[in-house]
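Thanks, everyone, for making time this morning. I would like to go through one structure with you, beginning with the ligand and then turning to the sheets and a few backbone details.

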Amino acid sequence: MKDGLWQAVLGEIELSVSHASYITWFKNTTLLQHKGNNLVVGVPNVFIKQQLERKFNDLVTATLKKNGVDPITVEYKIYTANTPAKKAEVIEDVVILNPSTEQAPKTPTSSLTHTYRQGLNERYTFDNFVVGSGNELAYAACQAIAQSPGTKYNPLFLYGGVGIGKTHLIQAVGNAVLANRPSAHVVYISTEQFVQEFLDAIRYKKNTDFAGYYRGADVLIVDDMQFIAGKEKTQEEFFHTFNALHQANKQIIISSDKPPKDIPTLEERLRSRFAWGMSIDMQTPDFETRCAIIQNKAASHDINLSPPVVEYLATNIQTNIRELEGALNQLLAFCEMRGIEPDLQVAAGLLGSSRTRPKHVSAKQIVEKTAKHFQIQMSDILGPKRDKDIVVPRQVAMYILRSELHLSFPKIARELGRKDHTTAIHSVEKIEKESVFDADIRSAIAEIKERLYA
Ligand code: ADP
Ligand code: MG
């Protein structure tokens, strides 16, 4: 009977929201409890819970009313269910969402189940890629290729560290090419998979099928080329594939964690082929870009994070965007489950427990970097001058000494050559307050910290 009511409600809701919304937010919900006019609705994950609470609660309530239930409360709870008929227990604990697995939170635009076409994941698009220093050149090249594959930058060789967006960008090219021309033969493959398939092809004597498949691509995207190191036979096969495609003006895109010259045992002839087109070194996105990435991801969950929280995450996780996403998801899930706001304290608590500062910094380094940031002399900060453009940097230095090294106020005063420690107290308090409202101060602090720990 419970199910009957909820099915009726869902049926009406399906007619009043878009199909994508219905699939994403309502399809996998179920009625867990219905006592009097109190209802508990089971939902698969924290983001759906949040969305229903914030955006759709009025709709749910109104639809229930139409079906004869005037709800006093509708509560949304996360539950696990192996089969739709069997209601499993409600999970009370934190769900840690790991972006590298299929549990990654889904945005409303990407459907609940990813569609993989020829190895491509629809989640990776140009639209949800944040462009900034470090990746703008790679982004521009990928866009150009997506417009007219095979005509420019062939091959494109993208290289850079782990988790900085290589896979995202090269997959975005594939998705964009297919969007423009659905009949295009776009093939994405990881090098490890390529090696494995090649070995299988030899073993099962399907060599010609294998060669034919890859040589028939309009766009061939090969990820993580570093894994071809030491695989002589595969290198030879890839060499022939490369030549066939290149001669036919088909686009080849390659990624790697290092440039061709640093891939050990890469055959010279392959190395020289890779140099024919364009090689781009992707760098870690800078502080501002990292902030934008966090804001974007939070916004895709309909969550507005305060600037200090965004900056805290961007300051503490600098090199790997995958880790940055992981930390954000962990924070959001943690706060959601406890019904608290994701503020600085929670972020620091969560991140602090799992990470320690990678490097020890000294008081002197803090003063030095602060002076450098404000383009004044260290001796000015340590000296007696009271001009505004020296007083502010001095106060910022005190604030960072306190927040990073947890020095006592008398010690902070001593480090800056002052006798009176009450100035240190006032300075730290002043910067603390100002940094809430003043974006310039905040970004100055973040940049100084970034340099300290770089
Ligand atoms: P790589 O292949 O370089 O190891 P990925 O492409 O897998 O890195 O990126 C790791 C994660 O970070 C992915 O979830 C990706 O969507 C995300 N990411 C990286 N760079 C950006 C960016 N500039 N904008 C948005 N998301 C990004
Ligand atoms: Mg990758």
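From which domains does the shell around ligand 1 draw at least three residues each? They are domain 2 (136-281) and domain 3 (287-355), with the bounds coming from an automatic or database domain assignment.

Before I go further, please keep in mind that this is a predicted model, in which local features need pLDDT of at least 70 and side-chain atom pairs count only at pLDDT 80 or more, while totals for chains, interfaces and linings use all residues. Residues are numbered from 1 along each chain as its sequence is written, chains are lettered from A and ligands numbered from 1 in the order in which they are written, and side-chain values use heavy atoms, with hydrogens and water left out.

Back to the ligand, then. There are 19 residues around ligand 1, and those that come nearest are Gly163, Thr167, His168, Arg322 and Glu325; a residue counts as near when one of its heavy atoms lies within 4 Å of the molecule. By type, the shell divides into 7 nonpolar, 7 polar and 5 charged residues, where Ala, Val, Leu, Ile, Met, Phe, Trp, Tyr, Cys and Pro count as nonpolar, Asp, Glu, Lys and Arg as charged, and the others, Gly among them, as polar.

As for polar contacts, meaning here pairs of N or O atoms within 3.5 Å, an N or O atom in the side chain of His168 lies 2.6 Å from an oxygen atom of ligand 1. The backbone contributes too, with an N or O atom of Lys166 at 2.9 Å from a ligand 1 oxygen and a polar backbone atom of Ile164 at 3.2 Å from one. Taken alone, ligand 1 exposes 560 Å², of which the protein buries 96%, the areas being computed by the Shrake-Rupley method with a 1.4 Å probe.

Now to the sheets, where two strands pair if DSSP finds at least two bridges between them. One open sheet has 5 strands in the order 7-8-9-6-10, with parallel pairing; its edge strands, each pairing on one side only, are strand 7 (186-190) and strand 10 (278-281). The twist from one strand to the next averages 15°, with axes fitted as lines to C-alpha atoms and angles running from 0 to 180 degrees between N-to-C directions. Within this sheet, strand 8 (residues 219-223) and strand 9 share 4 bridges, and Val222 stands opposite Ile254 in strand 9.

The other sheet I want to show is also open, with 3 strands in the order 1-2-3 and mixed pairing. Strand 1 and strand 2 (residues 38-43) run antiparallel and are joined by 5 bridges, with Thr30 partnered by Gly42 and Lys35 by Asn38. In their hairpin, with 2 residues between the strands, Gly36 takes a positive phi near 60°.

Finally, two loop details. Asn154 and Pro155 are joined by a cis peptide bond, with omega about 0°, and Pro155 sits in the loop between helix 4 (136-147) and strand 6 (156-159). Thr265, although not a glycine, has a positive phi near 55°, and is found in the loop between strand 9 (251-256) and helix 9 (268-274).

Technical notes
A polar contact is a pair of N or O atoms within 3.5 Å; within protein, one must be able to donate a hydrogen and the other to accept it, and residues adjacent in sequence count only if both atoms are side-chain atoms.
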